[in-house]
4 protein chains.
Amino acid sequence: MPTTHHKERKFVISVIGAGSCDKDIYGLAEEVGRLIAQKGGTLITGGLGGVMEAASKGAKEAGGITVGILPGFSKEDANSFVTIPVATGLSHARNIIVARSADAVIAVSGEYGTLSEIAIALKLAKPVIGIKTWENIEGVIKAGSAEEAVNRALQLIK
Amino acid sequence: MPTTHHKERKFVISVIGAGSCDKDIYGLAEEVGRLIAQKGGTLITGGLGGVMEAASKGAKEAGGITVGILPGFSKEDANSFVTIPVATGLSHARNIIVARSADAVIAVSGEYGTLSEIAIALKLAKPVIGIKTWENIEGVIKAGSAEEAVNRALQLIK
Amino acid sequence: MPTTHHKERKFVISVIGAGSCDKDIYGLAEEVGRLIAQKGGTLITGGLGGVMEAASKGAKEAGGITVGILPGFSKEDANSFVTIPVATGLSHARNIIVARSADAVIAVSGEYGTLSEIAIALKLAKPVIGIKTWENIEGVIKAGSAEEAVNRALQLIK
Amino acid sequence: MPTTHHKERKFVISVIGAGSCDKDIYGLAEEVGRLIAQKGGTLITGGLGGVMEAASKGAKEAGGITVGILPGFSKEDANSFVTIPVATGLSHARNIIVARSADAVIAVSGEYGTLSEIAIALKLAKPVIGIKTWENIEGVIKAGSAEEAVNRALQLIK
């Protein structure tokens with residue numbers, strides 16, 4: 001039987017960042033994921049390790065749905081906190097799908113791959129919030145904490 | 001709090017078919033979707049109308065998760081029974097993602113787009129079950145009903 | 001200085017087929033490639049071995065331009081008869097580019113990958129000519145020789 | 001008959017930048033394109049207007065081959081200086097192909113789309129030379145003129 005939470009589609013936030021990260025960044029991304037789920041959103045990430053895993057862990061442990069848009073062919077590549085793995089086989093081109101499918105994007109730390117996702121999201125006129133990530137990219141809204149990032153994202157989602 | 005059904009990942013079946021179809025095919029695809037959800041699977045489709053909508057309707061109304069891998073840029077393109085829309089912006093190349101992300105593929109009727117998905121799924125060595133679809137493609141397992149199709153898919157998923 | 005043959009764009013024919021093949025099919029694909037170049041066309045293939053290599057060899061040795069739309073990341077994957085390698089990194093999704101960029105498609109033998117390209121080309125309403133390839137696909141024009149295939153393609157290019 | 005310039009593959013430089021630009025940037029990109037062709041290279045661009053058109057014009061008028069990796073479905077979208085149009089139908093995801101297929105990338109001016117291409121090229125460890133483009137992206141080599149940009153690119157191509 002249909003359940004109420006399917007009636008209206010949830011808002012979607014993509015969390016982007018590097019595939020490996022230190023403990024502080026991991027904790028930050030996990031907090032971002034948890035807040036997204038607690039506010040009722042669906043989380044999208046690139047489905048692998050580091051920031052992607054941390055955000056998925058936070059969201060899944062708070063009862064949320066976590067989508068992983070994977071670069072490879074196998075659903076098994078997904079970290080164990082991804083509930084909906086999508087195997088694209090498109091390698092870096094999957095970054096574009098992560099940006100396109102979101103109502104807002106939150107970047108946590110990250111390197112060139114993250115920069116390319118930030119740029120695509122800005123080109124698509126999506127709200128982009130950054131925590132400890134690329135500085136000096138016009139259009140990125142800087143946040144100092146997980147809570148500030150998620151709150152700003154929610155304000156900006158139409 | 002985390003719910004039990006997230007602990008282990010569900011099996012995934014993609015249902016493919018044309019974006020518009022007659023009432024009989026619609027009913028057939030709806031039945032396929034419902035059975036997938038009732039057996040505990042996640043449904044993936046291309047997210048648009050016709051067979052994709054019918055399968056999503058069946059699965060969603062049975063309480064299932066329905067992923068729509070859309071060809072365009074906007075989540076709003078998804079039919080109203082898609083719970084997780086993924087906007088790829090890749091047009092036909094999204095067919096490949098539909099095939100890659102599935103444990104098995106069920107084709108219901110369909111034309112050239114469906115044929116391309118069948119071929120890609122076979123190339124990827126996925127089980128492909130067909131109902132009233134392309135005949136004479138070696139490797140497609142023919143089913144006479146929704147129930148037979150879903151049962152055959154489940155048997156073939158490793 | 002600009003040369004005359006750049007003034008107007010050449011017609012483009014994509015030759016599709018398996019990445020490995022026997023001697024007879026190789027000879028047939030080589031002949032198709034040579035005829036395309038001799039008639040003044042640009043050849044597109046998937047850039048790898050078998051039918052793709054044979055067609056590229058025929059076209060290049062007749063002085064033609066041969067474009068290879070590669071599945072991987074490295075231009076070095078291209079066979080040595082590809083003059084313009086394009087590294088997509090998209091794996092099978094590059095098949096769609098091979099079909100989209102052509103004025104007509106000639107399939108020589110081939111398996112599931114070829115079938116997916118045939119289907120996409122037909123969906124895009126491109127003329128598709130087949131030699132010793134998938135039978136019984138409505139819309140594929142059957143040719144008995146390389147010459148017949150190229151002549152039919154040229155007639156059908158608007 | 002085969003011509004000598006096909007024997008060994010040419011080096012490839014991609015020129016990236018916005019689809020519309022002012023006269024100064026147009027002249028700069030045209031000069032970059034001309035130098036690439038004069039030094040014996042193949043030019044790749046995104047195939048549309050602005051910087052892409054200017055570079056293609058410069059290269060084609062110097063006798064070079066100009067490849068246009070188009071976002072849409074139709075070869076007719078290519079500017080008239082593209083000799084080899086490739087219709088990807090992948091929209092922004094085609095940016096990744098532009099970066100992947102090059103031995104080096106030269107960015108001329110540009111906005112978010114260009115930034116995403118710069119980031120992808122850096123991630124792929126390609127040399128990236130920038131003229132009047134995004135500042136403060138670590139890894140981008142700044143050039144003050146078309147000549148300096150092309151010379152630096154040639155030095156860095158292995």
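Which elements do the buried residues of helix 4 of chain C pack against? This tour of a predicted model finds out.

Residues are numbered from 1 along each chain as its sequence is written, and chains are lettered from A in the order in which they are written. Local features need pLDDT of at least 70, and side-chain values use heavy atoms, without hydrogens and water.

**Stop 1: helix 4.** Select residues 112-123 of chain C. Helices (H or I, at least four residues) and strands (E, at least two) are DSSP runs, numbered from the N terminus. Ten of the twelve residues in helix 4 of chain C are buried, that is, under 20% relative accessible area with a 1.4 Å probe, protein chains only. Among them are Leu115(C), Ile118(C) and Leu122(C).

**Stop 2: the surroundings.** Now show contacts (heavy atoms within 4.5 Å). The buried residues of helix 4 of chain C pack against helix 4 (112-123) of chain B. In chain C they pack against strand 1 (12-16), helix 3 (94-100), strand 5 (104-108), strand 6 (128-131) and strand 7 (140-142).

**Stop 3: strand 5.** Five of the five residues of strand 5 of chain C are buried. Ala104(C), Ile106(C) and Val108(C) point one way, Val105(C) and Ala107(C) the other. In a regular strand the side chains alternate between the two faces of the sheet.

**Stop 4: the partners.** Strands pair if DSSP finds at least two bridges between them. Strand 5 of chain C pairs in the parallel sense with strand 1 of chain C over four bridges. Strand 5 of chain C also pairs with strand 6 of chain C, parallel, over four bridges. Find Val105(C): Val128(C) in strand 6 of chain C stands opposite.

Methods: Predicted model: local features only at pLDDT ≥ 70, side-chain atom pairs only at ≥ 80, totals over all residues. Expected span 1.5 Å × (residues − 1). Buried < 20%, exposed > 50% of the residue type's maximum accessible area, 1.4 Å probe, protein only.
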